[in-house]
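Colleague: Can you walk me through this model? I would like to go from the overall layout down to individual side chains.

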Amino acid sequence: MPQWKGLLAACAATLAVTLLITALPAADRRMKEGAGEVSVFRPVPIKRLSSDTIVDTMLTLNLSLKVKKVAWNGSVLTVDLADEQDGNAVDTGMDDLRRLFEFAFNRTDNVNRVLVRFVAPLQAESDEARSDVRVVAAVDVRRTDAWLSTELSNLSAARPFQDEIWRQRLRLSGARL
């Protein structure tokens with residue numbers, strides 16, 4: 001009988017070791033799932049605009065018009081936009097304005113004013129390459145404007161040169177007025 005007890009104890013120990021070995025891979029998977037991968041670059045939403053984040057910001061907006069110039073001064077964001085295909089940047093740029101204003105006034109907390117100039121390249125009189133531009137129109141919008149909370153989503157369909165209300169909301173000034 002003592003031999004049977006020893007044999008039974010050896011079988012129980014073998015069974016326990018076998019079950020432990022089969023459970024290890026599952027435990028390893030659970031540990032890896034809990035730990036997760038550590039990324040080196042993690043996208044962080046921009047809450048405060050600064051000179052360091054302005055380039056990344058303009059790239060994430062995916063504007064259809066070409067950004068010619070961006071300036072950040074205190075709480076004022078100044079952007080020059082150009083449509084180099086037909087020069088009609090104001091009519092095609094309303095959706096870009098909406099995206100720019102949503103970013104500036106809804107997703108950041110330190111932009112109080114956005115100045116946008118719609119520019120077109122000057123026609124060169126000779127074959128020399130010139131970087132001069134002419135201002136077609138300018139827009140001045142402030143965080144305190146009441147229409148931003150109710151009408152910003154309708155900006156994409158706005159026609160500011162035909163509609164006096166939108167001209168006033170945007171404080172639009174330009175050559176075509």
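Modeller: What follows goes from the fold to the core, the aromatic residues and the salt bridges.

Modeller: This is a predicted model, in which local features need pLDDT of at least 70, side-chain atom pairs count only at pLDDT 80 or more, and totals for chains, interfaces and linings use all residues. Residues are numbered from 1 along each chain as its sequence is written, and side-chain values use heavy atoms, with hydrogens and water left out.

Colleague: Fine. How many helices and strands does the chain have?

Modeller: Six helices and five strands, taken as DSSP runs numbered from the N terminus (helices are H or I with at least four residues, strands are E with at least two). The order from the N terminus is α-α-β-β-α-α-β-β-α-α-β.

Colleague: And what share of the residues is buried?

Modeller: 28% of the 177 residues. Buried means under 20% relative accessible area, exposed means over 50%, and partly exposed is in between (1.4 Å probe, protein chains only).

Colleague: Which residues touch the most other members of the largest nonpolar core?

Modeller: L77, F101, V114, V116, V139, L155 and L170, in a core of 33 residues. Such a core is a set of buried Ala, Val, Leu, Ile, Met, Phe, Trp, Tyr and Cys residues joined through side-chain atoms within 4.5 Å.

Colleague: Which element gives the most to this core?

Modeller: Helix 4, with seven residues. Elements that each supply at least two residues include helix 2 (54-60), strand 2 (76-82), helix 4 (94-107) and strand 3 (113-121).

Colleague: What does L170 touch?

Modeller: Leaving out residues up to four places away in sequence, L170 touches M94, F101, V139, D140, V141, W147, L155 and P160. A contact here means heavy atoms within 4.5 Å.

Colleague: W147 is on that list. What kind of aromatic pair do W147 and W166 form?

Modeller: An edge-to-face pair, with 5.4 Å centre to centre and 85° between the planes. Rings of Phe, Tyr and Trp (its six-membered ring) pair if their centres lie within 6.5 Å; planes under 30 degrees apart count as stacked, over 60 as edge-to-face and the rest as tilted. W147 lies in the loop between strand 4 (133-142) and helix 5 (148-151) and W166 in helix 6 (residues 164-170), so the pair ties together parts that are 19 residues apart in sequence.

Colleague: Are these two buried or exposed?

Modeller: Both W147 and W166 are buried.

Colleague: Which residues are linked in a network of salt bridges?

Modeller: D95, D96, R98, R99 and E102. Within it, D95 and R99 have their closest N and O atoms 2.7 Å apart, while R99 and D96 meet at 4.0 Å, N to O. D96 is buried, at 0% relative accessible area, whereas R99 is partly exposed at 22%.

Colleague: And what about R48 and D109?

Modeller: Their side chains meet in a salt bridge of 3.2 Å, N to O. R48 lies in the loop between helix 1 (2-35) and helix 2, and D109 in the loop between helix 4 and strand 3, so the pair ties together parts that are 61 residues apart in sequence. R48 is exposed at 53% relative accessible area, and D109 is partly exposed at 49%.
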